[in-house]
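Let's take a friendly tour of the aromatic rings and the nonpolar surface of a protein model. Have a look at the sequence and the structure below, then read on.

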Amino acid sequence: MFKGFAIFKRKNFVVLLFRWITFGLFNYLFLSGLFNYAIFVLGAPYFIASFFSMGYIIWSLIALPLSFLLSYLIGHLKVSIISGFVMGATLLPFLFINDIFITVILTSIIGFTFGLGAGSLIPLVGDVFDEHANTNRRRSEGVSYGILKMFGGLAVIMGNFITSLFYTLIGFPGLGIRILTTTIPGILIIIVMILFTVLYDLKPEKTEAIRMELKELEL
């Protein structure tokens with residue numbers, strides 16, 4: 001198992017892991033705070049507020065098959081980068097919006113871009129694991145994915161800690177709900193996407209060369 005931690009020597013895995021944790025933290029903060037946002041910020045009825053999360057989930061599911069198609073047409077790396085930046089940028093206007101209809105539209109866009117990102121993440125993970133296998137001359141996807149999931153679970157712990165600390169310090173005002181639910185995740189996503197775009201170097205030409213070498217090594 002400890003040999004599996006050698007994957008942390010791969011820069012692309014570390015960058016991918018930060019992206020994984022950040023998007024997991026976004027998902028926790030956004031979905032857990034969306035109902036409170038609808039009730040206490042927008043003043044929406046409870047019946048209407050329940051549709052905010054449903055719209056997000058439905059559009060995420062709709063985007064998944066489209067993500068596979070776009071990844072085939074323009075490349076999964078481009079889909080991942082574009083969807084990530086659009087998601088982060090769409091979260092920031094929530095700080096100033098008080099209209100239920102516009103909020104529903106923005107929530108649907110965020111759900112749609114999250115689905116695009118989730119679909120394109122699958123081949124990204126495969127590229128990172130292929131690079132590690134090519135360097136080590138052996139396959140260890142089971143351990144590598146377990147490490148990814150284990151550290152990715154930090155998002156839930158971080159989300160609980162941030163939420164508890166935030167509301168303990170500032171109470172439960174409408175502005176606080178806005179900031180915690182949308183502004184903080186939006187800023188974090190934009191920052192991590194900038195880092196991902198700059199540091200992640202598994203471009204199509206490189207991944208193709210890695211796959212050819214793995215084929216020759218029968219890995």
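This is a predicted model: local features need pLDDT of at least 70, side-chain atom pairs count only at pLDDT 80 or more; totals for chains, interfaces and linings use all residues.

How many aromatic pairs does the structure hold? There are 10 of them, and Phe30 with Tyr56 is one. Their ring centres are 5.5 Å apart and their planes meet at 55 degrees, so the pair is called tilted.

## A pair that is partly exposed

Now move along to Trp59 and Phe112. The centres of these rings lie 6.1 Å apart and the planes are at 75 degrees, so this pair is edge-to-face; the term applies to angles over 60 degrees. Again, distant parts of the chain are linked: Trp59 sits in helix 2 and Phe112 in helix 4 (residues 100-136), 53 residues apart.

Are these two residues buried or partly exposed? Trp59 has 37% relative accessibility, so Trp59 counts as partly exposed. Phe112, at 22%, is partly exposed too.

## A cluster and a charge over rings

Aromatic residues can also be found in a group here.

Which rings does Arg19 lie over? One is Phe23: the charged end of Arg19 sits over this ring, 4.4 Å from its centre. Another is Phe196, where Arg19 lies over the face at 5.8 Å from the ring centre.

A nonpolar surface patch of about 1,100 Å² is built from Leu66, Leu69, Tyr72, Leu73, Ile74, Ile82, Val86, Phe101, Ile102, Ile105 and Ile109.

Which helix gives the most to the nonpolar patch? Helix 2 does, with 5 residues, while helix 2, helix 3 (76-91) and helix 4 each supply at least two. Phe101, one of the patch residues, lies in helix 4. With 59% relative accessibility, Phe101 counts as exposed, because the cut-off for exposed is over 50%.

Technical notes
Residues are numbered from 1 along each chain as its sequence is written. Side-chain values use heavy atoms; hydrogens and water are left out. Rings of Phe, Tyr and Trp (its six-membered ring) pair if their centres lie within 6.5 Å; planes under 30 degrees apart count as stacked, over 60 as edge-to-face and the rest as tilted. Helices (H or I, at least four residues) and strands (E, at least two) are DSSP runs, numbered from the N terminus. Buried means under 20% relative accessible area, exposed over 50%, partly exposed in between (1.4 Å probe, protein chains only). A charge sits over a ring if NZ of Lys or CZ of Arg is within 6 Å of the ring centre and within 35 degrees of the ring normal. Patches are made of residues with over 30% relative accessible area and no salt bridge: like charges are joined within 9 Å, nonpolar side chains (Val, Leu, Ile, Met, Phe, Trp, Tyr) within 5 Å. Accessible areas come from the Shrake-Rupley method with a 1.4 Å probe; for residues, only the protein chains shown count as cover. A salt bridge is a side-chain nitrogen of Lys or Arg within 4 Å of a carboxyl oxygen of Asp or Glu.
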